[in-house]
Amino acid sequence: MNPDPARAPDAPPAEPPRRVQTNAPGTASQDPWDDGIEGDTGDEAAFKPLTREQAQDLRARLPVVSAWSLLTWQAAAGAVMVALWGLLSLEGDKTWSALFGAVSVVVPNALMAWGMTRRPAMGGGTAVLSFMVWELIKIILAVAILVAVAVGFKALSWAALLSTLVVTLKANWLALLRRGRFKK
């Protein structure tokens, strides 16, 4: 069996491509993993911790966006989409489908925001584990809502549900744009 149809059956197998060393002549580095980043020594000596003043300046320049403000933007975007579907289609089934799309995003995110902000995590490992658990709960709840709607609501409009779901999910960008994170 010929694994390479472009090669003749009796020709010798092609050699793998060789890595060309891009280091300038006379340099000491012959490490194939050297990416040429200046100052990247691979050890912890290159890391410089911030002073208290530098950390406070960084916090002042990059304010934290609250999970609750993001949730408010998502709920507002969902409400706008539900209203648009209701006003433009004048069909109750499409309005309900849009509402189910918004609920499948806002309710799980609200539960996760509550779980993550109700008490501070003790350490880094605890915070990561807490985030992973609440994210898993959020995903399971969102899927459960969508499955329940798909099975239980016979007049479901997939266009209304999915468009509202996507717009509600993407509403986080509105909060970030409002905060001036992305400047032109």
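This is a predicted model: local features need pLDDT of at least 70, side-chain atom pairs count only at pLDDT 80 or more; totals for chains, interfaces and linings use all residues.
## Packing of α3 and α5

Helix α3, residues 92–117, packs with helix α5, residues 158–169, at an angle of about 35°, and their axes are 7 Å apart. The crossing of α3 past α5 is right-handed. On the α3 side the contact is made by Lys94, Ser97, Ala98, Phe100, Gly101, Ala102, Ser104, Val105 and Val106, while α5 contributes Ala160, Leu161, Thr164, Leu165, Thr168 and Leu169. Sorted by class, this contact holds nine nonpolar, five polar and one charged residues.

## Nonpolar core

The largest nonpolar core has five residues, namely Ile145, Val149, Phe153, Leu156 and Leu161. Of these, Leu161 also takes part in the contact between α3 and α5. When neighbours within four places in sequence are set aside, Phe153 is in contact with Asp93, Trp96, Ser97, Phe100 and Ala148.

## Asn109

Asn109 lies in α3 and counts as buried, because its relative accessibility is 15%, under the 20% limit. Not counting residues up to four places away in sequence, Asn109 touches Leu71, Gln74 and Lys138.

## Salt bridges

The count of salt bridges comes to two. One joins the side chains of Glu91 and Lys94 at 3.9 Å, N to O; Glu91 is partly exposed, with a relative accessible area of 40%, and Lys94 is likewise partly exposed, at 26% relative accessibility.

In the other, Glu135 pairs with Lys138, and the closest N and O atoms are 3.5 Å apart. Because these two residues are three residues apart in helix α4 (residues 124–152), Glu135 and Lys138 are separated by about one helical turn. Glu135 counts as partly exposed, at 22% relative accessibility.

Technical notes. Residues are numbered from 1 along each chain as its sequence is written. Side-chain values use heavy atoms; hydrogens and water are left out. A nonpolar core is a set of buried Ala, Val, Leu, Ile, Met, Phe, Trp, Tyr and Cys residues joined through side-chain atoms within 4.5 Å. Buried means under 20% relative accessible area, exposed over 50%, partly exposed in between (1.4 Å probe, protein chains only). Contact means heavy atoms within 4.5 Å. Helices (H or I, at least four residues) and strands (E, at least two) are DSSP runs, numbered from the N terminus. Axes are lines fitted to C-alpha atoms, for helices over the stretch in contact, and angles run from 0 to 180 degrees between N-to-C directions. A crossing is left-handed if the near helix is turned anticlockwise from the far one by less than a right angle, and right-handed if clockwise. Ala, Val, Leu, Ile, Met, Phe, Trp, Tyr, Cys and Pro count as nonpolar, Asp, Glu, Lys and Arg as charged, and the others, Gly among them, as polar. A salt bridge is a side-chain nitrogen of Lys or Arg within 4 Å of a carboxyl oxygen of Asp or Glu.
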